[in-house]
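Have the sequence and the 3D view open side by side. The paragraphs below go from one place to the next, and each can be checked against the picture.

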Amino acid sequence: MKVSEALDSRLSVREFLPDPVPVDTIKAILEGAKRAPSGGNLQPWTVYVATGAALDEIKALIRAKLPENPKGEGTEYHIYPPDLTEPYRTRRYRVGEQLYDTIGITRDNKFGRLMQFARNFEFFGAPAALFFAIDRQMQQGQWADLGMFMQSIMLLAREHGLDTCAQEAWAIWHKTLGEHLKMPDNLMLFAGMALGRRDPAHPLNNFRSERAPLEDFVTFLGD
Ligand SMILES: Cc1cc2nc3c(=O)[nH]c(=O)nc-3n(C[C@H](O)[C@H](O)[C@H](O)COP(=O)(O)O)c2cc1C
């Protein structure tokens with residue numbers, strides 16, 4: 001598969017088939033992704049991989065807490081800037097509206113939206129899950145490095161016929177997960193990632209999110 005094909009066919013998959021992903025495949029993906037660049041070669045990433053019973057245990061843990069606490073435990077970092085300005089604000093709401101539209105959840109259907117949000121904590125049915133953490137001393141540059149590492153995983157997953165969804169939503173369960181995963185205090189949970197095979201028939205997976213045209217964000221200097 002060409003890099004351009006991996007990039008173009010990657011999307012955030014939000015319904016997975018139950019087919020298991022062999023741990024050896026996940027290892028091969030991580031071996032490939034660790035070649036991602038990082039400033040000063042710090043490689044500022046820590047990954048937890050959960051499959052099988054370990055994954056079931058994590059899902060059950062959150063399932064038990066969700067009904068009384070659907071917004072979780074708060075986050076240790078701002079998932080979005082508190083006062084998001086344009087054009088970002090509109091982009092954020094637009095993609096949400098478009099996604100809910102694909103499954104017929106209307107704007108006033110608060111319960112439906114909450115239920116769909118809760119699917120994050122089932123990893124959208126994926127048979128494998130990853131959690132990404134970063135040392136608390138790390139700064140913006142290293143968070144960018146972690147992002148490149150995660151994108152490398154998402155592209156390599158495509159080469160293996162697999163799909164992903166990066167999930168910052170997991171940050172709202174940082175305390176429970178930190179304890180459960182026995183994460184050392186110096187680490188901060190950034191995000192989860194669902195990994196598996198997409199359900200090709202599901203409308204959520206047949207939605208292609210928009211992108212701004214180059215002229216909105218590129219300045220070409222020179223001829
Ligand atoms: C770091 C990161 C965290 C994300 N967290 C979530 C999440 O918690 N839940 C979710 O459904 N999608 C999540 N997404 C997916 C974005 O909504 C998605 O990438 C964006 O809308 C563009 O769509 P695409 O990935 O299908 O191209 C996340 C993406 C990234 C890069």
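Begin at Thr-25, which sits in helix α2, the run of residues 23–33. Keep in mind that this is a predicted model. Is Thr-25 buried or exposed? Its relative accessibility is 18%, and the cut-off for a buried residue is under 20%, so Thr-25 counts as buried. Once its neighbours within four places in sequence are set aside, Thr-25 is in contact with His-160 and Leu-162.

The phi angle of Asn-41 is positive, about 55°, although the residue is not a glycine. Asn-41 has a relative accessibility of 52% and therefore counts as exposed, since the cut-off for that word is over 50%. Gln-43 lies in the loop between α2 and β2 as well. Its phi is near 50°, again a positive value in a residue other than glycine. With a relative accessible area of 39%, Gln-43 is partly exposed.

Met-138 has its place in the loop between β3 (128–135) and α6 (140–159). Which residues does Met-138 touch, leaving aside its neighbours within four places in sequence? They are Leu-42, Pro-44 and Trp-143. Met-138 and Pro-44 are 94 residues apart along the chain, yet their C-alpha atoms are separated by 7.7 Å. Met-138 has a relative accessible area of 17% and so is buried.

Now move to the loop between α3 (52–65) and α4, which holds Pro-87. The peptide bond from Glu-86 to Pro-87 is cis, and its omega is near 5°. Helix α4 covers residues 88–102. How far does α4, with its 15 residues, reach from its first C-alpha to its last? The span is 22 Å, close to the 21 Å expected at 1.5 Å a residue. After α4 comes Gly-104, with a positive phi near 70°.

Helix α4 has four named buried residues: Gly-96, Gln-98, Leu-99 and Tyr-100. They pack against α5, which spans residues 110–118. In α5 the buried residues are Gly-112, Arg-113, Gln-116 and Ala-118.

Turn now to the ligand. It is surrounded by 15 residues, and the closest of them are Ser-12, Arg-14, Glu-168, Ala-169 and Arg-211. Strand β4, residues 163–167, gives the most to this shell, with 3 residues. For Arg-14, a polar side-chain atom lies 2.7 Å from a ligand oxygen. For Ala-169, a backbone N or O atom lies 2.8 Å from an oxygen atom of the ligand. For Ser-209, a polar side-chain atom is 3.0 Å from a ligand oxygen. On its own the ligand has 620 Å² of accessible area, and the protein covers 72% of that.

Among the closest residues to the ligand is Ser-12, found in the loop between α1 (3–9) and β1 (16–17). Ser-12 is partly exposed, because its relative accessible area is 26%, and that word applies between the cut-offs of 20% and 50%. Residues up to four places away in sequence not counted, Ser-12 touches Thr-164 and Cys-165. How many residues along the chain lie between the positions of Ser-12 and Leu-204, counted as their separation? They are 192 residues apart, while their C-alpha atoms are separated by 9.1 Å.

Finally, step back to a longer stretch of the chain. UniProt, in an unreviewed entry, places the feature "domain: Nitroreductase" at residues 9–196. Over those residues the chain is 41% helix and 16% strand. The end C-alpha atoms of the stretch are 14 Å apart.

Note on methods
Residues numbered from 1 in each chain as written. Predicted model: local features only at pLDDT ≥ 70, side-chain atom pairs only at ≥ 80, totals over all residues. Heavy atoms only, no water. Helix = DSSP H or I, 4+ residues; strand = E, 2+ residues; numbered from the N terminus. Expected span 1.5 Å × (residues − 1). Buried < 20%, exposed > 50% of the residue type's maximum accessible area, 1.4 Å probe, protein only. Contact = heavy atoms within 4.5 Å. UniProt positions renumbered as here; feature names shortened; annotations may be inferred. Near = heavy atom within 4 Å. Polar contact = N/O pair within 3.5 Å; in protein donor to acceptor, adjacent residues only side chain to side chain. Areas by Shrake-Rupley, 256 points an atom, 1.4 Å probe, with all protein chains shown as cover.
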